[in-house]
Amino acid sequence: MPTPPLQVGVSEIAHLTCRRPIRDLHSAFRKSGRLLEIGICIIRNVMTAAAALHKQIERYRMMTGEERLAIALDLHDVSCDIAREGIRHDHPEADPAEVERLLRRRLELSRAG
């Protein structure tokens, strides 16, 4: 079953931002002096999951292999950080070396999958 489109209008966003004027909403979506793509899509009214996926694939195709690899490595680092936090939560007594050992064990188990 397809995912329904995200139906968020400007008035709903303005309401969610404590009824601030729209110009303040624009500043909330700014990054490096320009509006983020998602901000533009929300302000225009609709962004579907399919449209977001299409835009993401489009962007990946414009990148070099090195840029895509850098993203993959960053995602791996983030995943490992999240796994470390989970390990610390499950094993509060573990020192950093033990956390790393348990993380390596998780990674080995995932590869054996």
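The protein chain shows about 9,100 Å² of accessible surface, and 58% of that belongs to carbon and sulfur atoms. Areas here come from the Shrake-Rupley method with a 1.4 Å probe, and for residues only the protein chains shown count as cover. Keep in mind that this is a predicted model, where local features need pLDDT of at least 70, side-chain atom pairs count only at pLDDT 80 or more, and totals for chains, interfaces and linings use all residues. Numbering starts from 1 along each chain as its sequence is written, and side-chain values use heavy atoms, with hydrogens and water left out.

Of the 113 residues in the chain, 15% are buried (under 20% relative accessible area, with exposed being over 50% and partly exposed in between, 1.4 Å probe, protein chains only). The chain has 6 helices and 4 strands, in the order β-α-α-β-β-α-β-α-α-α from the N terminus. These are DSSP runs numbered from the N terminus: H or I of at least four residues for helices, E of at least two for strands. Taking contacts (heavy atoms within 4.5 Å) between residues at least 6 apart in sequence, 33% join residues at least 24 apart.

| Helix | Residues | Noted value |
|---|---|---|
| α4 | 49–62 | 5 residues in the lining of the second largest pocket |
| α5 | 65–90 | 37 Å from first C-alpha to last |

Helix α5 has 26 residues, and its span is close to the expected 38 Å at 1.5 Å a residue (1.5 Å times one less than the number of residues). Its buried residues are C80, A83, R84 and I87, and they pack against α6 (96–112). An α-helix has 3.6 residues a turn, so residues three or four places apart point the same way.

Why does R84 count as buried? Because its relative accessibility is 17%. Leaving out residues up to four places away in sequence, R84 touches V99, E100 and L103.

The second largest pocket holds about 180 Å³ of space. A pocket is an open set of points on a 1 Å grid over the protein atoms alone, where a 1.4 Å probe fits, with protein on both sides within 12 Å along at least five of seven lines; lining residues have an atom within 4 Å of a point. Here the lining is M47, A52, K55, Q56, R59, Y60 and M63, and α4 gives the most to it. That lining splits into 4 nonpolar, 1 polar and 2 charged residues.

Notes
Points joined across faces, edges and corners; volume = space filled by probe spheres on them. Nonpolar A, V, L, I, M, F, W, Y, C, P; charged D, E, K, R; others polar.
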